[in-house]
Amino acid sequence: SLPGNDFAQTNPLEILVAEDDPVNRKLIVRFLRRLGYHTHIATTGAEAVAIFAKHRPTCVLMDLHMPEMDGIEATRQM
């Protein structure tokens, strides 16, 4: 069983989800919302780098195989 929505209040994080697959992205975001988190979403490695530069999230969930730039290169650039 998942902790309640107050989990995010007691464990605050700003989260970037970098995932190009729509099904995986939906599952990850749904899980995080149940914990009370709002997320930034990137569907390409380049978009993830741009969002990271603008918002400086405290947590990044990165897919390794992304279009335009893979997750490893995106992480290096962050």
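Okay, let's start with the largest nonpolar core: seven residues, namely Leu16, Ala18, Ala42, Ala48, Ile51, Phe52 and Met66. By nonpolar core I mean buried Ala, Val, Leu, Ile, Met, Phe, Trp, Tyr and Cys residues joined through side-chain atoms within 4.5 Å, with buried being under 20% relative accessible area and exposed over 50% (1.4 Å probe, protein chains only). Helix 3 (45-55) gives the most to this core, three residues. Apart from it there's another core of six, including Leu32 and Tyr37.

Quick caveats: this is a predicted model, where local features need pLDDT of at least 70 and side-chain atom pairs count only at 80 or more, while totals for chains, interfaces and linings use all residues. Numbering runs from 1 along each chain as its sequence is written, and side-chain values use heavy atoms, leaving out hydrogens and water.

Now helix 2, residues 22-34; helices here are DSSP runs of H or I, at least four residues, and strands are E runs of at least two, numbered from the N terminus. Which of its residues are buried? Arg25, Val29 and Leu32. They sit on the same side of helix 2, because they cover an arc of only 65° around the axis, taken from the directions from the axis to the C-beta atoms. Over on the other side, Val23, Lys26 and Leu27 are exposed. What covers the buried ones includes strand 1 (15-18), strand 2 (39-42) and strand 3 (59-62).

As for the ends, a side-chain oxygen of Asp21 comes within 3.1 Å of the backbone nitrogen of Val23 at the start, and Gly36, with a positive phi near 100°, follows the helix.

Terms used: The expected span of a helix is 1.5 Å times one less than its number of residues. Contact means heavy atoms within 4.5 Å. A polar contact is a pair of N or O atoms within 3.5 Å; within protein, one must be able to donate a hydrogen and the other to accept it, and residues adjacent in sequence count only if both atoms are side-chain atoms.
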